[in-house]
Each structure stands twice: as C-alpha cells, then as structure tokens.
Amino acid sequence: MPNAKWSEPVEIEFDNAGSRTVRGPFDALIYLHDMWPRRTGAKFVRASNACKGAVEGRVSLEAAREDFLAAAAEARLTTH
C-alpha cells in the first residue's frame, strides 16, 4: 500500500534541507533512509520497521505515524 496516507500529514524540519511534508509511511521510509541525520537508535529502527510494515499492510497507518514521530523526537527534528 505505497499510496496509503496518514490521517494527518507530518511537517518535519531538516537542518540542511528545510521543511518537508510526510503524508504516509512510504514517504516516511524515503526520509528515514535518505535524509535522516542519524540512522541509529531504537526509535529509528522501530519507525523504519513500522513504516515498512504499514506499506505492506501488516502495521496500522497510525501506529507507523506515531513511531515516525518518536524517531523524529529521538533525532531532535522539529515536527508540526
């Protein structure tokens, strides 16, 4: 389900790349693996797994969203 969208998108601020809108788990995977400032940490791993699971239909969209937000907090990225 690569086109699956969260109930509410997440705006995330990257230090060198500005603000990006993350609309669902597929978008989140792209940012987690291509732009994330630190690809370590328990919450990063959990978010990556949850977003992949949501794309595959094994994890709820909102659970993946919450894990993505937790990973952003762990990386000290601003979200709104």
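What radius of gyration would a compact globule with 80 residues have, and what does the chain have? A compact globule would have a radius of gyration near 12 Å, and the chain has 11 Å, which agrees. The model on display is predicted.

**The whole chain.** Begin with the complete chain selected and the C-alpha atoms shown. Along the principal axes, these atoms fill a box of roughly 30 × 25 × 20 Å. Of the 80 residues, 36% are buried.

**The elements.** Next, switch to a cartoon view. Three helices and three strands can be found; starting from the N terminus, their order is β-β-α-α-α-β. With contacts displayed, consider those between residues at least 6 apart in sequence: 50% of them join residues at least 24 apart.

**The aromatic cluster.** Select Trp6, Phe14, Tyr31, Trp36 and Phe68, which ring pairs link into a cluster. The structure holds four aromatic pairs. In one of them, the ring centres of tryptophan 36 and phenylalanine 68 are 5.5 Å apart and the planes stand at 55°, so the pair is tilted. Tryptophan 36 is in the loop between α1 (25–34) and α2 (42–55), whereas phenylalanine 68 belongs to helix α3 (residues 61–74); the pair therefore ties together parts that are 32 residues apart in sequence. Are these two residues, tryptophan 36 and phenylalanine 68, buried or exposed? Both are buried.

**The surface and the charges.** Finally, display the surface. The chain exposes about 4,600 Å², of which carbon and sulfur atoms supply 49%. Select the charged residues as well: the chain has 11 positive and 11 negative charges, and the mean positions of the two sets are 4 Å apart.

Notes. Residues are numbered from 1 along each chain as its sequence is written. This is a predicted model: local features need pLDDT of at least 70, side-chain atom pairs count only at pLDDT 80 or more; totals for chains, interfaces and linings use all residues. Side-chain values use heavy atoms; hydrogens and water are left out. Helices (H or I, at least four residues) and strands (E, at least two) are DSSP runs, numbered from the N terminus. The radius of gyration is taken over C-alpha atoms; the globule rule is 2.2 Å times the number of residues to the power 0.38. Buried means under 20% relative accessible area, exposed over 50%, partly exposed in between (1.4 Å probe, protein chains only). Contact means heavy atoms within 4.5 Å. Accessible areas come from the Shrake-Rupley method with a 1.4 Å probe; for residues, only the protein chains shown count as cover. Lys and Arg count as positive and Asp and Glu as negative; His and the chain ends are not counted. The place of a charge is taken as NZ of Lys, CZ of Arg, CG of Asp or CD of Glu. Rings of Phe, Tyr and Trp (its six-membered ring) pair if their centres lie within 6.5 Å; planes under 30 degrees apart count as stacked, over 60 as edge-to-face and the rest as tilted.
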